[in-house]
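Here is a short briefing to read alongside the model on your screen.

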Amino acid sequence: MNDKLVLSVQELASVLGICKPRAYELMNSADFPAIQISPRRKVVPRDALETWLAQKAAHVCGVEIVPQAVEDAKEYVRLNHFENAEFF
């Protein structure tokens, strides 16, 4: 992913490796963190997508060689109340 704050339907489909119709279904799901920015346009904030994915996962495992990155990830997990993550 690049540095964009939000993803369009097409970008969401590309990032998740799903078809565009399935991306539209996700965007319209009640528990999906999409934001309606105009009558015909929805986007999903990248950080909200990452949080949603982590909540849906049975287990999240992160591997990092930079010690500060591991500490930052642990803090993110703590702040978001995830109980399914570990980092190395």
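A salt bridge here is a side-chain nitrogen of Lys or Arg within 4 Å of a carboxyl oxygen of Asp or Glu. By this rule the protein has four salt bridges, and one of them joins the side chains of Glu 11 and Lys 4, with N to O at 2.5 Å. Please keep in mind that this is a predicted model, in which local features need pLDDT of at least 70 and side-chain atom pairs count only at pLDDT 80 or more, while totals for chains, interfaces and linings use all residues. Residues are numbered from 1 along each chain as its sequence is written, and side-chain values use heavy atoms, with hydrogens and water left out.

**Overall layout**

- The protein has four helices and five strands; both are DSSP runs numbered from the N terminus, with helices being H or I of at least four residues and strands E of at least two.
- Reading from the N terminus, the elements follow the order β-α-α-β-β-α-β-α-β.
- The C-alpha trace spans about 45 × 25 × 20 Å along its principal axes.
- Of the 88 residues, 26% count as buried; buried means under 20% relative accessible area, exposed means over 50%, and partly exposed lies in between (1.4 Å probe, protein chains only).
- The accessible surface comes to about 6,200 Å², and 55% of it belongs to carbon and sulfur atoms; these areas come from the Shrake-Rupley method with a 1.4 Å probe, and for residues only the protein chains shown count as cover.
- Among contacts with a separation of 6 or more, 45% are between residues 24 or more positions apart; a contact means heavy atoms within 4.5 Å.

**The sheet**

- Three strands make an open, antiparallel sheet in the order S1-S3-S2; two strands pair if DSSP finds at least two bridges between them.
- S1 (6–7) and S2 (35–38) are the edge strands, each pairing on one side only.
- Three bridges connect S2 with S3 (residues 41–45) in the antiparallel sense, and Ile 35 has Val 43 in S3 as its bridge partner.
- Helix H3 (residues 46–56) lies across S1 and S3, at about 65° to S3; axes are lines fitted to C-alpha atoms, for helices over the stretch in contact, and angles run from 0 to 180 degrees between N-to-C directions.

- Ser 8 sits in the loop between S1 and H1 (9–16).
- Ser 8 counts as buried because its relative accessibility is 15%.
- Leaving out residues up to four places away in sequence, Ser 8 touches Met 27 and Arg 41.
- In H1, the buried residues are Val 9, Leu 12 and Ala 13. Seen down the axis, the buried residues of H1 fall within an arc of 100°, so they line one face of the helix; the arc is that of the directions from the helix axis to the C-beta atoms.
- Gln 10 and Ser 14 are exposed on the other side of H1.
- The cover over the buried residues of H1 includes S1, H2, S3 and H3.
- Gly 17 follows H1 and has a positive phi, near 70°.

**Helices H2 and H3**

- Ala 23, Leu 26 and Met 27 are buried in H2 (residues 20–27). These residues cover an arc of only 100° around the axis, so they lie on the same side of H2.
- The buried residues of H2 have cover that includes S1, H1, S3 and H3.
- H3 has Arg 46, Leu 49, Thr 51, Trp 52 and Ala 54 buried, and their cover includes S1, H1, H2, S3, strand S4 (60–62) and helix H4 (67–79).

**Charged pairs**

- In the Glu 11 and Lys 4 pair, Glu 11 is partly exposed at 24% relative accessibility, and Lys 4 is partly exposed at 35%.
- Glu 25 and Arg 22 also form a salt bridge, with N to O at 3.1 Å. These two residues are about one helical turn apart because they lie three residues apart in H2.
- Glu 25 is partly exposed at 48%, and Arg 22 is partly exposed at 36%.
- Asp 31 and Lys 56 meet in a salt bridge with N to O at 2.6 Å. The pair links distant parts of the chain, 25 residues apart: Asp 31 is in the loop between H2 and S2, and Lys 56 is in H3.
- Asp 31 is partly exposed, at 45% relative accessible area.
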